[in-house]
Amino acid sequence: MKEFNYTITDPEGIHARPAGELVKVAKGFASSIKLVKDGKEGDCKRIFGIMGLGVKKGQEVTLTFEGEDEEEAFAAVSKFMQENL
């Protein structure tokens, strides 16, 4: 299992557009990809799982990757987060 911690820099936090794009990236992998904030967990392959966490600017989230292609998923999703959120 791999983990990636990230502090949200987008002024609007994780809103609908980047959440939808994150789902598209995550669905490209077989691994389980979770977004965790304050002990709550959301599935990165489901937009409502991400949006339900209500992540705002300045909050830290942890992404976890577990599965056969977790290395590739980690690289792609961490790059997406740094470029978009």
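Let's start with one residue in this predicted model: leaving out anything up to four places away in sequence, S31 touches K45, E66, G67, E68, D69 and E70.

**Around S31**
- You'll find S31 in the loop between α1 and β2.
- One of the residues S31 touches is D69, and the two side chains are joined by a polar contact of 2.5 Å.
- E70 is also on the list of residues that S31 touches, and E70 is itself one of the buried residues of α3.

**Helix α3**
- This helix covers residues 70-84, which makes 15 residues.
- From first C-alpha to last, α3 reaches 20 Å, close to the 21 Å expected at 1.5 Å a residue.
- The buried residues here are E70, A73, F74, V77, S78, F80 and M81.
- Look down the axis of α3 and those buried residues fall within an arc of 160°, so they line one face of the helix.
- Q82 and E83, on the other side of α3, are exposed.
- As for what covers the buried residues of α3, the list includes β1 (2-7), α1 (16-26), β2 (32-37) and β4 (60-66).

**The nonpolar core**
- The largest nonpolar core has 24 residues, and L63 and M81 touch the most other members.
- Two or more residues come from each of β1, α1, β2, β4 and α3.
- The top contributor is α3, which gives 5 residues to this core.
- Setting aside neighbours within four places in sequence, M81 is in contact with F4, Y6, I8, L22, V61 and L63.

**Helix α1**
- In α1, the buried residues are P18, A19, G20, L22, V23 and A26.
- They pack against β2, α2 (47-51) and α3.
- L22, buried in α1, is also one of the contacts of M81.

**The whole chain**
- There are 3 helices and 4 strands, and from the N terminus on they run β-α-β-β-α-β-α.
- For 85 residues, a compact globule would have a radius of gyration near 12 Å, and the 11 Å of this chain agrees with that.
- Along the principal axes, the C-alpha atoms fill a box of roughly 35 × 25 × 20 Å.
- Buried residues account for 44% of the 85 in the chain.
- Among contacts with a separation of 6 or more, 70% are between residues 24 or more positions apart.

Methods. Residues numbered from 1 in each chain as written. Predicted model: local features only at pLDDT ≥ 70, side-chain atom pairs only at ≥ 80, totals over all residues. Heavy atoms only, no water. Expected span 1.5 Å × (residues − 1). Buried < 20%, exposed > 50% of the residue type's maximum accessible area, 1.4 Å probe, protein only. Arc of directions from axis to C-beta. Contact = heavy atoms within 4.5 Å. Polar contact = N/O pair within 3.5 Å; in protein donor to acceptor, adjacent residues only side chain to side chain. Core = buried A, V, L, I, M, F, W, Y, C linked by side-chain atoms within 4.5 Å. Rg over C-alpha atoms; globule rule 2.2 N^0.38 Å.
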